[in-house]
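Here are a few friendly notes to read alongside the model.

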Amino acid sequence: MKVLVLGGDGFCGWPCAVNLADAGHDVVIVDNLSRRKIDIDLGVESLTPIATIGERLRAWEQVGGRPMRFVHLDIAQEYDRLLELLRSERPEAVVHFAEQRAAPYSMKNSATKRYTVDNNVNGTHNLLAAIVESGLDVHIVHLGTMGVYGYGSHRGATIPEGYLTVEVPQPDGSRFTEKILHPTDPGSVYHMTKTLDQLLFFYYNKNDAVRVTDLHQGIVWGTNTELTDRDPRLTNRFDYDGDYGTVLNRFLMQAAIGYPLTVHGTGGQTRAFIHIRDSVRCVQLALEHPPARGEKVKIFNQMTESHQIGELARKVAALAGAAINHLPNPRKEALENDLIVDNRCFIELGLRPTTLDDGLLAEVVDVARRWADRCDRSRIPCLSAWTTRQAEAIRAPA
Ligand SMILES: NC(=O)c1ccc[n+]([C@@H]2O[C@H](COP(=O)([O-])OP(=O)(O)OC[C@H]3O[C@@H](n4cnc5c(N)ncnc54)[C@H](O)[C@@H]3O)[C@@H](O)[C@H]2O)c1
């Protein structure tokens, strides 16, 4: 199948693109390389050295991979080129990773808030409008987040896959049941853009019958897949800084370099996780099982397990002999929350979840140890605060 992978130079997109090419799909990567530019602006680099997109594509062919092409394009700003690309390539599917994906970066200041909204909402809307204008029947597989459901209390309820069945009382005392989009409860500007994406998909699906699968993904951990391990030039990025580093990879990397694990707040926050290898596999499964024309937006919870942050820190500390440092929380969020998630859709499609296993955790620690000298310790603290109150707390002397 011909597939455009938007954001295919990024952390989730690159291993996904090579996996799809390996599975025999005809892949065109579309990326504006903004993530690499943000690294330059923030003065930080991926812990693992990453090759340029040109080197990556050459290396992929040299190890015998099915060739992929690259188009440098900003989907949020270059609508006409995006439309022309759809018309010339006539893809059957588009996998959409191309968004600013860090919650802390989205909360850094007004400029990053505005950039995140402009980039993410415009990009998704441009894609939908261009598909309609092209007249093509293209299946969109979008990477959303578990964060759209919110990290408040769900009172022990299981979070369904996108839709909630509700009972609506009528004036005569009778009730009818209806399936509605699960209410959203974004915890940052970044998460808010994902909830807006959800509405855009709902509308274009209803109005124009655009076929969409929206993947509500948990926090991705790990770094390489079997395919990106084939050559050093295929190595995936590993973010560890306070803005882009995600919690479990940060703990593993901190353990590797002897930096006390940074637990913000009580550690009672619960989050959903998925290993990069499963993330890649899920995208392929979603792509190969599209909704029918006229079917409503398919929503899958793309996660394999939930854990409390404090519990994860204790597990990593025990594994690698690290200390734990409890720090003020830069986020405005519940002290603790429950997160029970239904992920049956992928299990029924054949996903065999990779769960937190000491071997895989140790593998990430090994990667981090190998590149420890590339780490700038001054970039580890999380300094982007949700409000001025949180900013004061994190800057107060310990
Ligand atoms: N990494 C995670 O833990 C995680 C968890 C849940 C959901 N997701 C979602 O998965 C997607 C990919 O995340 P990631 O971790 O790979 O992020 P990333 O920042 O590494 O990759 C995103 C890629 O998209 C590109 N991009 C951004 N805006 C673009 C634009 N306007 N036009 C063209 N290209 C653009 C960037 O240059 C980058 O290569 C995001 O939408 C994110 O919200 C990620």
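1. A word on naming: helices (H or I, at least four residues) and strands (E, at least two) are DSSP runs, numbered from the N terminus. With that in hand, Thr 225 sits in the loop between β10 (219–221) and α8 (247–257). Residues are numbered from 1 along each chain as its sequence is written, and side-chain values use heavy atoms, with hydrogens and water left out. Please keep in mind that this is a predicted model: local features need pLDDT of at least 70, side-chain atom pairs count only at pLDDT 80 or more, and totals for chains, interfaces and linings use all residues.

2. Thr 225 has a relative accessible area of 7%, so Thr 225 is buried (buried means under 20% relative accessible area, exposed over 50%, partly exposed in between, with a 1.4 Å probe and protein chains only). Leaving aside residues up to four places away in sequence, Thr 225 touches Pro 15, Ile 276, Arg 277 and Val 280 (contact means heavy atoms within 4.5 Å).

3. Helix α9 covers residues 276–288. Its 13 residues should span 18 Å at 1.5 Å a residue, and the end C-alpha atoms are 19 Å apart, which agrees; the expected span is 1.5 Å times one less than the number of residues. Ten of the 13 residues of α9 are buried, among them Ile 276, Val 280, Val 283 and Leu 287.

4. What do α1 and α9 look like as a pair? They pack at an angle of about 55 degrees, with their axes 9 Å apart. That makes α1 oblique to α9 (angles under 35 degrees count as roughly parallel, over 145 as roughly antiparallel, 65 to 115 as roughly perpendicular and the rest as oblique). From α1, Pro 15, Cys 16, Asn 19 and Leu 20 meet Ile 276, Val 280, Val 283, Gln 284 and Leu 287 of α9. The residues of this contact divide into seven nonpolar, two polar and no charged.

5. Helix α1 (residues 13–22) also has a partner in α3 (residues 53–62): their axes come within 12 Å and cross at roughly 30 degrees. The two helices are therefore roughly parallel to each other. Trp 14, Val 18, Ala 21 and Asp 22 in α1 meet Ile 53, Arg 56, Leu 57 and Trp 60 in α3.

6. Lastly, Ala 334 lies in the loop between β15 (324–327) and β16 (340–341). Ala 334 counts as partly exposed, at 32% relative accessibility. Beyond residues up to four places away in sequence, Ala 334 touches Tyr 151 and Gln 269.

Definitions and conventions
Axes fitted to C-alpha atoms, helices over the stretch in contact; angles between N-to-C directions. Nonpolar A, V, L, I, M, F, W, Y, C, P; charged D, E, K, R; others polar.
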